[in-house]
Amino acid sequence: MELPADVKKRLTLPAEEHFYAGHTACQGCGAALGLRYVLKVYGNKTIFTIPACCSTIIAGPWPYSAFNAPLFHTAFETTGAVIGGIEAALKAKGYKVKGEDGIMVVGWAGDGGTADIGLQALSGFLERGHDGLYIMYDNEAYMNTGIQRSSSTPYGAWTTNTPGGKKHFLERKPKKKVIDIVIAHKPAYAATASVAYPEDFMRKLKKAKTIKGPSFIQLFAPCPTGWRAPTDKTIELARLAVQTAYFPLFEYENGKYKINMPSPSKEPKSLEDFIKLQGRFKYMTKEDIQVLQEWVLSEWEELKKKAEIFG
Amino acid sequence: MPKKVISGNYAAAYAAKHARVEVVAAYPITPQTSIIEKIAEFIANGEVENLEYVPVESEHSAMAACIGASATGARTFTATSAQGLALMHEMLHWAAGARLPVVMVNVNRAMAPPWSVWDDQTDSLAQRDTGWLQFYAENNQEVYDGVLMAFKIGEHEKVNLPVMIIESAFILSHTYDVVDMLEQEEVDEFLPPRKPLYSLTDFDNPFSIGALGTPADYYEFRYKIAKAMEEAKKIIKEVGKEFGEKFGRDYSQMIELYKTDDADIVFMGMGSLMGTVKEAVEILRSEGYKVGAAKVRWFRPFPREELYELAKSVQGIAVLDRNFSFGQEGILFNEAKGVLYNTGAKPIMKNYIVGLGGRDLTVNDVRKIANNMKKIIEKGELDKEIDWYHLKR
């Protein structure tokens with residue numbers, strides 16, 4: 001796909017790679033892209049903690065590792081607590097954390113491991129003010145266990161435990177707004193990001209390394225396997241999610257909200273194209289689509305208001 | 001050496017301080033709380049340096065944070081009890097599997113419901129298969145000594161496993177007794193800084209810990225833990241001997257034998273109730289009974305060889321279990337019987353379920369048990385194998 005001219009001009013990804021070929025992600029995996037960017041920005045002096053999620057597998061089985069950085073695998077619900085413990089140990093042992101030459105402590109967890117089973121540990125991490133970064137890569141379901149709904153699954157989506165069918169047993173709850181729960185803790189820094197906008201994501205990663213205290217990034221990471229979408233549509237889907245305001249990009253710092261371009265500057269695009277590209281939405285009726293569309297717009301209005309009032 | 005009259009919990013806290021722990025992540029639960037309160041007080045008073053205290057939001061997170069800290073190379077300590085220990089269960093496996101020598105004091109407390117805060121060993125014994133070493137303290141002194149030895153044993157290059165030091169609710173945790181503490185220099189000499197097997201700060205040689213182990217590899221990972229546990233028996237004895245030589249309290253035996261040499265009947269058990277039993281042995285001996293006591297200090301690794309040696313020379317063993325495995329029997333009884341099955345040593349063994357949920361075991365109870373055992377030995381057959389001794393009738 002032809003990149004818009006302005007994007008072409010600005011594209012400045014660091015050349016160095018610390019996320020190696022040979023990882024075992026599916027074709028078109030948004031999470032794998034995200035990991036690549038995180039490692040590009042932070043480099044080798046980063047301690048990763050990964051709970052049970054797709055990335056457990058993506059990183060490679062023993063004795064392999066696709067990461068050129070230390071990586072600790074942990075239990076599903078523990079990311080926030082483990083990175084808190086790592087940071088405490090670094091402090092006790094006198095290591096420099098964050099800053100130019102400091103160690104970056106990163107938790108990398110899926111939406112199930114964050115919005116559901118890991119929410120308590122995440123809250124503890126934020127509330128206690130650990131000096132690390134928690135990244136929730138959001139592919140909107142339990143993909144590693146085979147596509148089950150999480151509280152981050154959107155209204156109307158098919159998953160293997162919301163399977164559609166004649167009785168339309170679909171997901172009927174709106175996507176949990178984890179970022180709002182995070183912001184309620186008044187963390188040092190919180191942001192949404194998307195694999196379709198690597199520069200925006202990388203800027204946010206850099207920021208998280210300079211700010212003292214806990215940071216959180218919710219990274220939109222399409223999953224072609226679980227979304228029943230073509231594997232070459234990952235970026236397009238991620239971009240549409242932003243352009244439709246389904247997943248707007250914004251950041252929160254010092255009590256202030258800032259909506260980031262490329263979130264829609266005028267009217268968001270209709271959800272239609274975003275929905276059409278994904279088999280997981282195939283059971284949705286027109287009314288279902290309307291419900292989702294209205295939810296998206298009302299959330300978008302709310303965010304704009306927040307940015308206006310707390311801008 | 002400074003003697004202090006302190007509770008079992010304070011003994012644990014002082015030992016952690018003297019061990020120069022670097023990270024403590026813990027969550028309050030009765031009757032453990034005064035351990036972490038005391039540690040917080042050390043920090044508040046500036047009595048410790050380079051100690052990070054993480055007041056986590058649950059015991060599950062306490063163990064998870066300890067695991068993160070220990071994997072980063074820090075000497076790490078926590079404490080819990082009963083419900084808290086049960087909540088940690090998943091992460092207990094994780095600490096052992098990741099080969100992290102976290103040291104934890106568990107205050108034995110009965111599992112709910114019904115709610116109880118009193119002594120019972122089922123909480124810790126239910127964790128027996130997690131890969132943790134388990135030491136049952138008889139008194140406050142053993143809590144203090146046990147914590148110091150736990151770091152040295154767990155961090156040993158041949159072990160690299162977590163260690164649980166276990167004390168009784170209230171009977172030790174909140175009861176004040178004389179504890180002979182060591183000077184800081186003595187502890188420093190006995191317990192040098194930790195040299196971790198690996199650290200997440202090794203950026204020059206980045207690795208992944210806990211990655212997927214396929215059926216082609218998982219098995220060997222388990223074998224390595226099994227081997228380390230076997231190895232730990234030697235290390236326990238070495239460290240216990242060294243402790244004795246340096247500080248006068250010998251822990252080279254995994255089972256402490258008390259007047260068993262000429263005993264026909266031996267009372268076997270763990271933890272604080274063995275204090276009462278030893279007292280009873282003294283009294284019963286003065287009354288002409290040929291009895292002794294075998295205090296199992298280390299439940300994991302299990303002292304198979306020492307038990308076999310003991311079993312060869314006695315007629316009967318009364319196993320006093322302050323715990324129970326529903327659908328089976330007392331847990332120590334079960335283990336001890338199992339060890340002896342393939343040996344030539346087959347004393348008569350009977351299981352007395354005692355003290356659950358903090359019910360007292362008195363000297364008079366031990367006398368009754370001795371009389372019962374005497375009858376059984378004379379007859380040469382058991383009246384019953386499992387005796388719910390205190391049961392109201």
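**Figure 1. The contact between chain A and chain B in the predicted model.** Chain B contributes 38 residues to this contact, and chain A contributes 39. On the side of chain B that touches chain A, at least two residues each come from β2 (23–26), β3 (52–55), α3 (59–71), α4 (82–97) and β9 (208–209) of chain B. With 8 residues, α3(B) has the largest share of that side.

**Figure 2. Surroundings of Val23(B).** Neighbours within four places in sequence are left aside here. Val23(B) is in contact with residues of both chains. From chain A these are Gly85(A), Ala88(A), Ala89(A) and Ala92(A). From chain B they are Glu52(B), Val54(B), Cys66(B), Ala69(B), Ala74(B) and Thr76(B).

**Figure 3. The largest nonpolar core, with 229 residues.** The members that touch the most other members are Val23(B), Ala65(B), Ile67(B), Val147(B), Ile165(B) and Met268(B). Helix α2 (residues 30–42) of chain A gives the most to this core, supplying 9 residues. Residues also come from both domain 1 (3–247) and domain 2 (255–387) of chain B, so the core lies between these two domains.

**Figure 4. The two domains of chain B and where they touch.** The domain assignment of chain B places domain 1 at residues 3–247 and domain 2 at residues 255–387. Taken over C-alpha atoms, the centres of domain 1 and domain 2 of chain B are separated by 28 Å. In the contact, 28 residues of domain 1 of chain B meet 20 residues of domain 2 of chain B. On the side of domain 1 that touches domain 2, the elements of chain B giving two or more residues are α5 (122–125), β6 (133–136), β7 (163–168) and α8 (218–247). The most, 5 residues, come from α8(B).

**Figure 5. Tyr251(B), in the loop between α8 and β10 (255–258) of chain B.** Tyr251(B) has 22 C-beta neighbours inside 10 Å and therefore counts as buried. Apart from neighbours within four places in sequence, Tyr251(B) is in contact with Asp145(B), Met149(B), Gly240(B), Phe243(B) and Gly244(B). Leu133(B) is 118 residues from Tyr251(B) along the chain, and 15 Å separate the C-alpha atoms of the two residues.

**Figure 6. Packing of helix α10 (residues 304–313) of chain B against helix α11 (residues 331–341) of chain B.** The axes of the two helices are 10 Å apart and form an angle of about 75°. An angle of this value makes α10(B) roughly perpendicular to α11(B). On the α10(B) side, the contact is made by Arg304(B), Leu307(B), Tyr308(B) and Ala311(B). On the α11(B) side, Ala336(B), Val339(B) and Leu340(B) take part.

**Figure 7. Ser55(A), in helix α3 (residues 54–58) of chain A.** Ser55(A) counts as buried because 27 C-beta neighbours lie inside 10 Å. Leaving out neighbours within four places in sequence, the residues in contact with Ser55(A) are Ala31(A), Leu35(A), Ile50(A) and Trp108(A). Met136(A) lies 81 residues from Ser55(A) in sequence, and the distance between them, C-alpha to C-alpha, is 12 Å.

Figure 8. The C-alpha atoms of chain B fill a box of roughly 70 × 50 × 45 Å along the principal axes. Of the 393 residues in chain B, 54% are buried. Among chain B contacts between residues at least 6 apart in sequence, 81% join residues at least 24 apart.

Figure 9. Along the principal axes, the C-alpha trace of chain A spans about 60 × 45 × 40 Å. Buried residues account for 54% of the 311 residues of chain A. Of the contacts in chain A with a separation of 6 or more, 69% are between residues 24 or more positions apart.

Conventions. Residues are numbered from 1 along each chain as its sequence is written. Chains are lettered from A and ligands numbered from 1 in the order in which they are written. This is a predicted model: local features need pLDDT of at least 70, side-chain atom pairs count only at pLDDT 80 or more; totals for chains, interfaces and linings use all residues. A residue is buried if 20 or more other C-beta atoms lie within 10 Å of its own, exposed if 12 or fewer, and partly exposed in between; C-beta atoms are placed from the backbone. Two residues are in contact if their C-beta atoms, placed from the backbone, lie within 7 Å. A nonpolar core is a set of buried Ala, Val, Leu, Ile, Met, Phe, Trp, Tyr and Cys residues joined through C-beta atoms within 7 Å. Helices (H or I, at least four residues) and strands (E, at least two) are DSSP runs, numbered from the N terminus. Domain bounds come from an automatic or database domain assignment. Axes are lines fitted to C-alpha atoms, for helices over the stretch in contact, and angles run from 0 to 180 degrees between N-to-C directions. Angles under 35 degrees count as roughly parallel, over 145 as roughly antiparallel, 65 to 115 as roughly perpendicular and the rest as oblique.
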